[in-house]
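Let us read a chain's fold step by step. Have the coordinates open.

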Amino acid sequence: MKIWGTGILNGFVITMRNWMRGPMTVQYPEQRLPLPERARWTVTPKYNEDGMPKCTACMICEKECPDHVLRLEVSKNEDGSKHIDTYVYEVGACMMCGLCTAACPFDAIYMSHEYELATADPADLSRVLLQDVDAYVKPKPQKEEQDA
Amino acid sequence: MSAADIGRVAIRIAAMIGLLLVNGVVLIYMLRKVLGRLHLRIGPNRVGPLGLLQTTADVVKLLTKEDLMPDSADKALFWIAPFVVFVPSFMAYIPLAFGPNLAVTNLDTGLLLLLSALSLIPIGVVMAGWASNSKWSLVGGMRAAGQQIAYEVPLLLAVLGPVMMAGSMNLTTIVEAQKNLWFVFPQFIAFVIYIIAAQADTQQTPFDMSEAESELITGFANEYGGMRFGFLFLAEFSNMFIVSALGVTLFFGGWYLPFLAENPVALSLAPLIFMIKTYIGIFVMMWARGSLPRIRVDQLLAFAWKALIPISLSWVVIWACIQRLVIVR
């Protein structure tokens, strides 16, 4: 049976429980909450141990991106390997869906945890991720060594 | 009247103004902190340590703001309305007894003066609403009038119980009658009616129909800015204090502590005890404000006329019979 007025008392109980629990908010610039591991923010390239980017300039991320915020400009070296002229990323238009990282077959990009993206300069909204570097070429397994 | 008398009166009035202003500043800070905590927030925290200077900063802002008046407003009424709201709320401090000998004047009809001063406030509110020449303000003012007329009746009837028990309308006498037994125990029903009616009479949420932030955008205070708005705001907080102090006086034994009524130390701390009790009452009002949603106008009025007034009237009759037949033989 529902007794008249219990809803009102229940409201008081809920707010008093909140009072006992204490504030949930943190003083943001001084205190920060840890981001969950799966948080997706800016697209960032990954690097090998030797400091070279893992990107092979396959262009799949550029094709996959629904917002067209990634742009790769690729040229050919004399030996036929790929050379990345620029890899531009429009942060301002990115919706952080993470489809590019999911599509990347070489695990060369990831969604970083950099979330303080506000800026006073619109030029900051367009980032150059890679510039003037050779694309990664996966070393072919050497059959001679195996034979020997 | 000698010069010494005039001086004494002047000091008392100055103390009253000081209490009113400081109390307003403290209560605004307290309200924001309490509401914040009830909603799992921190509340003001940037200006000064723990945000303590936030209200001071707000007051400075209000004082330095330009005094705007809407072009189509009724100039005289618009100008005078904040004072008509503020002065009665200031008057209501006169009979409040903070200690055995601590009141501005020890009036035999103190309760009557206090309640009649409180019932003047809606006139100012309606004036503010009408003079602003804005439909939101007008609706707010009209609601305030309807609500206060409706809730004044149960408020007065609820007060009758303690008055019958103490046999006086002098607030000091009423407190002294509670030396051994706080009136909240025999008069529990009257107390419940009193807190509901007081909450409505001071237009606190869940009965803040005249303000109704989300529908009327501060209602009658809509067109006011600067210190004029400050006056309306201050009156609201001062009413909260008065209603809480009156509740403490009528039901919670004023400056008496339970079982320590004769203790000289407790008596010497009388004003402090009274203030602490009053602030606990204010906390409960803020707690209600943070817990309950605003109810509809028709529900509000129906509740007053169909529930509160019949209950309080019958309680007056029942208590009169008990008093006559059982207690005073």
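Q: What should I know before reading the values?
A: This is a predicted model: local features need pLDDT of at least 70, side-chain atom pairs count only at pLDDT 80 or more, and totals for chains, interfaces and linings use all residues. Residues are numbered from 1 along each chain as written, chains are lettered from A and ligands numbered from 1 in written order, and side-chain values use heavy atoms, without hydrogens and water.

Q: How many helices and strands does chain A have?
A: Helices (H or I, at least four residues) and strands (E, at least two) are DSSP runs, numbered from the N terminus. Chain A has four helices and five strands. Their order from the N terminus is α-β-α-β-β-α-β-β-α.

Q: Which strands form the open sheet?
A: Strands pair if DSSP finds at least two bridges between them. In chain A the order is E2-E3-E5, paired antiparallel. Strands E2 (70-76) and E5 (126-134) of chain A are the edges, each pairing on one side only. Seven bridges join E2(A) to E3 (residues 82-90) of chain A. Val74(A) sits opposite Ile84(A) in E3(A).

Q: Why is chain A called more spread out than a compact globule?
A: The radius of gyration is taken over C-alpha atoms; the globule rule is 2.2 Å times the number of residues to the power 0.38. Chain A has 25 Å, well over the 15 Å that the rule gives for 148 residues, so it is more spread out than a compact globule. Its C-alpha atoms fill a box of roughly 85 × 50 × 30 Å along the principal axes.
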